[in-house]
Amino acid sequence: MKSATLPPVRIEPDFREEVEQALQPGETLTSLVEAAVRAEVTRRKEQSEFVRRGLAAIARSEAAGDWIAAEDVIAKLEAKVAAARQRRQS
């Protein structure tokens, strides 16, 4: 497959200077931009997969009837916090 280029991005001269100062020895601006874009694409894929798995888990729990309402979980956590605060004051 033939390589392609990303569209040029206009930035303020001050920011370009800042970016160039952040380059590691031997690193080019192009390699930094490519690494940043690759990392962001990977992060977005992982985030989408995380959300997809979470929604599937919610659907399975609701279908099975074995889920716990968020309000119940929060109430239990608040009770634990209150008990810990009371122990701390005693």
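The chain has a radius of gyration of 24 Å, whereas a compact globule of 90 residues would have one near 12 Å; the radius is taken over C-alpha atoms, and the globule rule is 2.2 Å times the number of residues to the power 0.38. The model is predicted, with local features requiring pLDDT of at least 70 and side-chain atom pairs counted only at pLDDT 80 or more, while totals for chains, interfaces and linings use all residues. Residues are numbered from 1 along each chain as its sequence is written, and side-chain values use heavy atoms, with hydrogens and water left out. Along the principal axes, the C-alpha atoms of the chain fill a box of roughly 60 × 45 × 25 Å.

Three helices and zero strands are present in the chain, and the order of elements from the N terminus is α-α-α. Helices (H or I, at least four residues) and strands (E, at least two) are DSSP runs numbered from the N terminus. Helix H1 comprises residues 13–22, and helix H2 comprises residues 29–64.

Of the 90 residues in the chain, 2% are buried, where buried means under 20% relative accessible area, exposed means over 50%, and partly exposed lies in between (1.4 Å probe, protein chains only). The chain exposes about 8700 Å², of which carbon and sulfur atoms supply 57%. Accessible areas come from the Shrake-Rupley method with a 1.4 Å probe, and for residues only the protein chains shown count as cover.

Two pairs of positions illustrate the spacing of the chain. Thr30, which is found in helix H2, is exposed at 61% relative accessibility. Glu18, placed in helix H1, counts as exposed at 52% relative accessibility. A C-alpha separation of 47 Å was computed for Glu18 and Ala84, which are 66 residues apart along the chain.

The chain carries 15 positive and 15 negative charges, and the mean positions of the two sets are 6 Å apart. Lys and Arg count as positive and Asp and Glu as negative, with His and the chain ends not counted; the place of a charge is taken as NZ of Lys, CZ of Arg, CG of Asp or CD of Glu.

Charged and nonpolar surface patches were examined next. Patches are made of residues with over 30% relative accessible area and no salt bridge, like charges being joined within 9 Å and nonpolar side chains (Val, Leu, Ile, Met, Phe, Trp, Tyr) within 5 Å. Glu12, Asp14, Glu17 and Glu18 form a negative patch. Within this group, Asp14 lies in helix H1 and is exposed, with a relative accessible area of 62%. A nonpolar patch of about 310 Å² is made by Leu6, Val33, Val37 and Val41. Val33, a member of this patch, is placed in helix H2 and is partly exposed, its relative accessible area being 41%.

Six salt bridges are held by the structure, a salt bridge being a side-chain nitrogen of Lys or Arg within 4 Å of a carboxyl oxygen of Asp or Glu. One of them joins Glu20 to Arg16, with the closest N and O atoms 2.7 Å apart. These two residues are separated by about one helical turn because Glu20 and Arg16 are four residues apart in helix H1. Glu20 is partly exposed, with a relative accessible area of 36%, and Arg16 is likewise partly exposed, at 42%.

In helix H2, Glu40 and Arg44 lie four residues apart, about one turn of the helix. Their salt bridge has its closest N and O atoms 2.8 Å apart. Glu40 is partly exposed at 27% relative accessibility, whereas Arg44 is exposed at 51%. Glu40 and Arg44 are also linked with Arg43 in a network of salt bridges. A further pair in helix H2, Arg53 and Glu49, is likewise spaced by four residues, about one turn of the helix. In the salt bridge between Arg53 and Glu49, the closest N and O atoms are 3.9 Å apart. Arg53 is partly exposed at 44% relative accessibility, and Glu49 is partly exposed with a relative accessible area of 31%.
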